[in-house]
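Reader: I'm new to this one. Can you put it up and walk me through it?

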Amino acid sequence: MGLKYPAALRRPHRERFLLVTATAALLLYITVTVTVLPEDASLPCRSSWAPCRRADSPQEQPGPPAEADAVRRDPPLSPCPGHRFQVSQLLSHLHSALGPDGDVLLQPYLSSWDELLKFMESLGPVAGFISQQVEHKASVIRRLAQREEAAEGDAYRSVRSMIGAELSRGLVSFRQQTPSGCRTLLRLHRALLWLQLFLKKVAEGPQEGGELRSPSSLCREAYREALAHHHSWLARRAADVAFMALPDRDALFQLVCARSQGEAGPLLDRAAEAIGEVYGRTQKAFEEHGMLELP
């Protein structure tokens with residue numbers, strides 16, 4: 001589905017604006033620290049840890065949610081025909097990630113990110129500077145899990161099992177950057193808060209005066225609350241410029257097969273709530289081990 005740009009961004013302004021956005025995104029991309037591991041060959045789709053994200057792949061049907069602590073369960077959503085991003089799939093993965101005893105299962109957690117990447121890509125080039133980082137970091141954790149699986153271990157089954165295993169193996173440093181799964185997951189964790197806040201803000205109704213704020217201003221606000229303090233000054237300035245190119249609300253509504261704020265709000269609120277549950281559990285696990293500020 002093509003992006004619907006506001007009238008003010010149509011030719012010739014659209015080309016000029018996208019050029020500014022691309023430049024800003026490049027600046028942000030090169031200023032954000034990237035966790036690097038030796039590159040493996042492409043992950044085969046037959047692996048349980050490998051994402052099969054080809055456009056012509058059939059819709060993934062995740063298994064039933066894991067046995068978990070009691071959380072709110074709303075009626076299942078119908079698929080949104082013809083769209084890559086599916087709120088129903090996102091909710092299914094997020095619910096499946098809720099493991100017992102407040103844990104988070106990593107395989108469905110990363111599948112949730114696969115679906116969120118589709119959402120980010122649907123926003124156009126503006127989200128590229130974050131989606132590229134997310135995809136890279138998800139692949140890092142998948143490679144670690146595959147190596148562990150090949151050695152018949154299960155250290156990367158969940159957030160808590162990964163934290164315990166990497167601490168016991170001396171893979172986590174609190175003083176310098178290391179290519180650990182914990183450090184990599186922490187970066188995904190921070191980006192998850194940004195998306196959760198953004199969806200929640202878009203789901204909210206009009207403020208005083210009856211006006212709805214633009215997605216670009218809401219995305220910028222969510223970024224400042226969740227990610228900005230982890231980035232350099234140059235990265236923050238580039239992000240402010242890039243968010244100006246976000247599509248309008250009508251385009252966002254189309255992503256979830258909604259025609260109005262009244263229809264889209266409850267869907268986005270459900271997604272934000274499910275993301276918040278997974279985020280809260282991960283946050284608690286990191287807090288318990290003093291890992292919220294790993295370098």
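**Buried cysteines, core and helices**

Author: C182 has a relative accessible area of 0%, so C182 is buried (under 20% relative accessible area; exposed is over 50%, partly exposed in between, with a 1.4 Å probe and protein chains only). This is a predicted model, in which local features need pLDDT of at least 70 and side-chain atom pairs count only at pLDDT 80 or more, while totals for chains, interfaces and linings use all residues. Residues are numbered from 1 along each chain as its sequence is written, and side-chain values use heavy atoms, with hydrogens and water left out.

Reader: And C219, buried or exposed?

Author: C219 is buried, at a relative accessible area of 1%.

Reader: How many disulfides are there?

Author: The count comes to one disulfide, taken as a pair of cysteine sulfur atoms within 2.5 Å. C80 and C257 form it, with their sulfur atoms 1.7 Å apart.

Reader: Which parts does that pair tie together?

Author: C80 is in the loop between α1 (13–31) and α2, and C257 is in the loop between α9 and α10, so the parts tied together are 177 residues apart in sequence. Helices here are DSSP runs (H or I, at least four residues), as are strands (E, at least two), numbered from the N terminus.

Reader: What about the handedness?

Author: The disulfide is right-handed, because the torsion about the S-S bond of C80 and C257 is about 90 degrees.

Reader: Are those two cysteines buried or exposed?

Author: C80 counts as buried at 7% relative accessibility, whereas C257, at 42%, counts as partly exposed.

Reader: Okay, new topic. What is in the largest nonpolar core?

Author: It has 73 residues, and those with the most contacts inside it are Y109, W113, F119, L185, W194 and F198. A nonpolar core is a set of buried Ala, Val, Leu, Ile, Met, Phe, Trp, Tyr and Cys residues joined through side-chain atoms within 4.5 Å.

Reader: Which helices supply it?

Author: Those that each supply at least two residues include α2 (87–96), α3 (106–122), α6 (181–203) and α10 (261–288). The largest share, 14 residues, comes from α6.

Reader: What does W113 touch?

Author: Leaving aside neighbours within four places in sequence, W113 is in contact (heavy atoms within 4.5 Å) with M120, V134, L188, A191, L192 and L195.

Reader: Back to α2. How many of its residues are buried?

Author: Nine of the 10, so α2 is largely enclosed by the rest of the structure. Its buried residues pack against α3 and α10.

Reader: And S88, in that helix?

Author: S88 lies in α2 and is buried, with a relative accessible area of 17%. Apart from neighbours within four places in sequence, S88 is in contact with L77, S78 and P79.

Reader: How do α5 and α10 cross?

Author: Their axes come within 10 Å and cross at roughly 20 degrees. Axes are lines fitted to C-alpha atoms, for helices over the stretch in contact, with angles from 0 to 180 degrees between N-to-C directions. α5 and α10 are therefore roughly parallel (under 35 degrees; over 145 is roughly antiparallel, 65 to 115 roughly perpendicular, the rest oblique).

Reader: Which residues meet there?

Author: V159, R160 and I163 in α5 meet T282, K284, A285, F286 and E288 in α10.

Reader: And α5 with α6, at what angle?

Author: About 140 degrees, with their axes 9 Å apart. That makes α5 oblique to α6. V159, M162, I163 and E166 in α5 meet G181, C182 and L185 in α6.
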